[in-house]
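Thank you all for making the time this morning. I would like to walk you through a single chain, slowly, and I will start with the picture itself.

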Amino acid sequence: DKGADVIFGAGGKTGNGALLGGVEKGIPVIGVDTDQYLTVPEAQSVLLTSAMKLIVPGVFNIIKDYASGKWTDGNVYGHAALAPYHDWDSKVPADVKAKVDEITTKLQAGELKTDVPPAKPAE
């Protein structure tokens with residue numbers, strides 16, 4: 001109602017209401033945690049992408065580090081990524097896709113300062 005161009009439905013399952021609100025208002029939305037195109041199919045028509053936690057490789061690396069004796073306790077930061085644009089792929093301009101790819105690459109390489117330690121690199 002305030003004129004948002006895009007709604008980011010962060011908040012796990014509680015954010016699904018924002019996705020459904022986007023459907024109701026016809027406003028593009030961004031999901032969170034997983035590719036919500038697959039988990040909230042009723043929002044597919046307005047779902048631009050999702051900010052995903054890459055949990056599987058993160059857990060795999062923790063188990064691998066533990067098994068090899070390299071595990072140290074404390075906070076572990078993992079990688080994140082954007083889900084595919086799915087139905088919106090042809091609507092996202094090529095220069096925007098290129099910029100998102102550039103930022104993603106720099107984030108994953110630890111080349112952008114975010115004040116969050118970079119993820120442990122996969123071996």
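This is a predicted model: local features need pLDDT of at least 70, side-chain atom pairs count only at pLDDT 80 or more; totals for chains, interfaces and linings use all residues.

Residues are numbered from 1 along each chain as its sequence is written, and side-chain values use heavy atoms, with hydrogens and water left out.

The chain holds 4 helices and 4 strands, where helices (H or I, at least four residues) and strands (E, at least two) are DSSP runs numbered from the N terminus. Along the sequence they follow the pattern β-α-β-α-β-α-β-α, and the C-alpha atoms fill a box of roughly 50 × 30 × 25 Å, taken along the principal axes. Of the 123 residues, 24% count as buried; here buried means under 20% relative accessible area, exposed means over 50%, and partly exposed lies in between, with a 1.4 Å probe and protein chains only.

Let me turn to charge. A search of the whole structure finds 6 salt bridges, a salt bridge being a side-chain nitrogen of Lys or Arg within 4 Å of a carboxyl oxygen of Asp or Glu. One of them pairs D1 with K25, with the closest N and O atoms 2.8 Å apart. This pair links distant parts of the chain, since D1 sits in the segment before β1 (7-8) and K25 in helix α1 (residues 16-25), 24 residues apart. D1 is exposed, at a relative accessible area of 86%, whereas K25 counts as partly exposed at 47%.

Another salt bridge joins K97 and D89, whose closest N and O atoms are 3.1 Å apart. K97 is partly exposed at 21%, and D89 is partly exposed at 38%.

In helix α4, what separates E102 from K99? They are 3 residues apart, which means about one helical turn, and their side chains meet in a salt bridge at 3.8 Å, N to O. E102 has a relative accessible area of 33% and K99 one of 44%, so that both are partly exposed. Salt bridges that share partners join K99, E102 and K106 into one network.

I55 lies in helix α3 (residues 55-67) and is exposed, at 51%. P57 is also found in helix α3, and it is partly exposed at 41%.

Finally, the backbone. Most residues other than glycine have a negative phi. D33, in strand β2 (residues 29-33), has a positive phi near 75°, and is partly exposed at 22%. H86, in the loop between β4 (80-82) and α4 (94-108), has a positive phi near 45°, and is partly exposed at 29%.
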